[in-house]
Amino acid sequence: MKIIVAIKQVPERDAQVRINAEAKWIEESGLQYALNESDAYALEEALQLKEKHGGEVVVLTAGPERVGPTIREALAKGADRAIYIDCADLGSRDALGVAKLLAAAVKPENPDLILTGLQSDDLGLGQTGVILAELLGLPHSSLILHVEKTDTGLTVKRELEEGWFRTIELPLPAVLTIQSGGNKLRYATLMGIKRAKTKEVRTVTATELAVDSTPVAVLERVTLPQKQKSTQILPGNPKEAAAALVEKLKFEARVL
Amino acid sequence: MSDIWVVVEERDGRVSRISWEAVSAGQKLAALTGLAVNAVVIGAQTEALASEVAAKALGKVVRVEHPLLAAYTADGFTLALQQFIEAEKPDYVVFPHTYQVRDYAPKLAARLGQVLIGDVTGFGEGPVFVRQLMQGRLNGSYRHSGNGPCFVSVQAGAFRADEVQLGTAAVSAFTPAIEPAQIRTKPSERFRGAAQTVDLGSAQLIVGVGRGIKDPANIPIAQELATALGAELGASRPICDNGWLPMERQIGSSGQTISPKLYLAVGISGAIQHLVGIKGSQCVVAINKDPDAPIFEVADYGIVGDLMEIVPALTEALKAAKQ
């Protein structure tokens with residue numbers, strides 16, 4: 001099976017984010033970046049499918065130059081090669097615009113399966129994989145925890161709300177968006193890191209892919225959320241704060 | 001025709017709660033824009049659902065009905081609503097932000113050259129639609145530009161189901177053209193995961209553990225706090241994903257929804273998937289090292305600092321208070 005995994009580099013989870021001067025996005029200088037969590041699960045699923053059924057795992061990502069280490073990380077974990085869409089203005093494109101870039105890069109590859117994480121930890125749109133399927137004319141299923149290859153295609157386990165699941169059969173080629181938690185993530189081995197350096201990374205520019213970049217859904221302004229409740233922050237050292245909290249819970253909130 | 005259409009979903013044969021919230025959002029959007037608001041129900045048999053919706057202040061209720069819509073498929077729902085939207089030419093289409101909508105609404109929007117503004121928590125003049133960014137740390141205001149309908153899905157709990165205006169709406173039918181071969185996926189009946197032996201839904205006191213706990217070896221300090229409090233222990237998704245606590249203790253949209261007297265969130269930053277599960281909590285306490293963590297937006301009390309020091313201190317203080 002030839003599997004393409006679309007991944008995204010996002011700010012590290014614990015990063016302190018500040019709104020930029022134009023209030024259009026976050027201040028990117030000094031930020032640490034990492035592989036998006038559910039994309040890591042998509043990559044893991046792809047690697048396991050390859051181990052079972054053979055084939056090739058190709059990672060695909062778009063973004064500015066800083067995404068390089070994230071591509072290397074995916075190659076170190078076991079992906080065979082990478083396609084990098086050099087796109088400095090990724091952040092100003094909407095989900096359709098990004099999916100158009102990915103679709104243009106995927107098409108000549110003719111993969112059997114395309115995997116991606118269910119959503120990114122920065123924008124949290126959760127749409128790119130679903131739109132990619134539509135643009136490529138492929139069936140899809142989202143929020144997938146388990147993938148099994150059958151004679152006719154795939155059987156997948158889709159997560160529903162409140163602890164429910166559904167099994168879905170679909171033919172190949174197909175697109176799946178992977179939910180986190182379905183597998184245990186692997187770490188890159190020293191050997192993997194070494195080998196990653198020699199693996200192919202093919203660069204294609206967004207300009208070469210020639211897709212429309214005008215957003216339909218325009219992010220106009222980024223603001224700090226308004227607090228829904230006024231939180232009483234209890235000061236002092238841990239012991240003082242803990243004692244003050246117990247007092248509050250007993251006599252003010254009356255929940256103890 | 002230029003209207004607002006709300007797509008209503010069912011849950012166990014009735015209109016789901018979040019669908020009523022979407023109707024409420026649609027009515028508020030109608031008040032803001034001066035447009036009429038209608039609803040659409042979709043399925044193989046929609047009569048009961050349609051009559052439930054028709055008792056609200058809506059212009060029209062349309063039953064999009066076809067035998068091939070009996071079970072949800074992205075292909076079937078997209079085709080049916082695509083045809084309906086092409087016929088009606090609405091200005092806005094409002095969805096509840098459910099796992100089902102997430103599966104097909106982006107596809108439907110893309111097919112019509114549009115982009116869903118998903119998981120919206122509010123809107124204002126313009127209209128601009130507000131949704132969360134960076135795991136709830138920031139808000140983004142989005143505007144729909146260009147021609148064609150604006151697709152919006154509303155987050156669970158963002159609008160109030162009990163504010164839906166009552167009225168009477170005329171019900172009509174729309175029959176989409178769908179061929180069996182156009183539906184490429186085959187869904188089974190839904191099923192439950194592991195046996196739900198832990199009922200967090202009715203627990204009055206709950207301690208929730210999140211990523212901030214750092215290591216499975218630290219879980220016992222949260223367990224000791226729960227024991228001192230007489231509380232159940234729950235967790236955010238990453239803790240269960242990592243197998244540090246069983247899945248049946250997961251709190252949030254994919255786990256259990258809780259409504260305790262007291263919810264004590266330990267090392268939980270407050271991703272939206274978690275926050276929707278704790279909305280019913282009477283009193284929320286957050287212990288977190290990051291004063292900007294979104295959990296503090298919903299917390300009544302907070303302690304900012306290292307949970308490895310604060311949690312044991314709190315356990316001791318609770319034990320002392322009991323004596």
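The dialogue below goes from whole chains down to a single residue.

Reply: Begin with the kind of model: this one is predicted.

Me: Let us take the overall build. How many helices and strands are there in chain B?

Reply: Chain B has eight helices and 17 strands. Its radius of gyration is 22 Å, close to the 20 Å that the globule rule gives for 323 residues, so chain B is as compact as a globular protein of that length. Along the principal axes, the C-alpha trace of chain B spans about 70 × 45 × 35 Å.

Me: And what does the secondary structure of chain A come to?

Reply: Chain A comes to seven helices and 13 strands. The box filled by its C-alpha atoms, taken along the principal axes, is roughly 65 × 40 × 40 Å.

Me: How do I read contacts along the sequence?

Reply: Look at how far apart in sequence the partners are. In chain A, among contacts between residues at least 6 apart, 71% join residues at least 24 apart. For chain B, residues 24 or more positions apart account for 66% of the contacts with a separation of 6 or more.

Me: Which domains does the assignment give?

Reply: Chain A has domain 1 (2-209) and domain 2 (231-256). The centres of these two domains of chain A, taken over C-alpha atoms, are separated by 44 Å. Chain B is divided into domain 1 (4-182) and domain 2 (200-322), with C-alpha centres 34 Å apart.

Me: How many residues are in contact between the two domains of chain B?

Reply: Six residues of domain 1 of chain B are in contact with eight residues of domain 2 of chain B. The side that belongs to domain 1 has one nonpolar, four polar and one charged residues.

Me: Now the two chains together. How is an interface described?

Reply: The size of an interface is often given as the accessible area lost when the parts come together. Here a count of residues is used instead. In this model, 71 residues of chain B are in contact with 67 residues of chain A. On the chain B side, the residues divide into 31 nonpolar, 23 polar and 17 charged.

Me: Which strands of the two chains are joined by bridges?

Reply: Strand β13 (residues 232-233) of chain A and strand β17 (residues 301-304) of chain B run parallel and are joined by two bridges. Within β17(B), B:G302 is the bridge partner of A:I233.

Me: What about pairing inside chain A?

Reply: Take strand β4 (residues 56-63) of chain A, where seven of the eight residues are buried. It pairs in the parallel sense with strand β1 (residues 2-6) of chain A over five bridges, and A:K2 stands opposite A:E56 in β4(A). Six bridges also join β4(A) to strand β5 (residues 81-86) of chain A, again running parallel. There, A:A62 stands opposite A:I85 in β5(A).

Me: How do I read a helix?

Reply: An α-helix has 3.6 residues a turn, so residues three or four places apart point the same way. A second check is length. Helix α1 (residues 37-53) of chain A has 17 residues and should span 24 Å at 1.5 Å a residue; its end C-alpha atoms are 25 Å apart, which agrees. Twelve of the 17 residues of α1(A) are buried, including A:Y41, A:L43 and A:L47. A:G54 follows α1(A) and has a positive phi, near 80°.

Me: How many residues of helix α3 in chain A are buried?

Reply: Eleven of the twelve residues of α3(A) are buried, so this helix is largely enclosed by the rest of the structure. Among them are A:L96, A:V98 and A:K100. Helix α3 (residues 95-106) of chain A reaches 16 Å from its first C-alpha to its last, close to the 16 Å expected.

Me: Finally, one residue. Is A:I168 buried or exposed?

Reply: A:I168 is buried, with 20 other C-beta atoms within 10 Å. It lies in strand β9 (residues 164-171) of chain A. Leaving aside neighbours within four places in sequence, A:I168 is in contact with A:S141, A:V156, A:R158, B:T185, B:K186 and B:P187.

Conventions
Residues numbered from 1 in each chain as written. Chains lettered and ligands numbered in written order. Predicted model: local features only at pLDDT ≥ 70, side-chain atom pairs only at ≥ 80, totals over all residues. Contact = placed C-beta atoms within 7 Å. Nonpolar A, V, L, I, M, F, W, Y, C, P; charged D, E, K, R; others polar. Pairing = 2+ DSSP bridges. Helix = DSSP H or I, 4+ residues; strand = E, 2+ residues; numbered from the N terminus. Expected span 1.5 Å × (residues − 1). Rg over C-alpha atoms; globule rule 2.2 N^0.38 Å. Domains from an automatic or database assignment.
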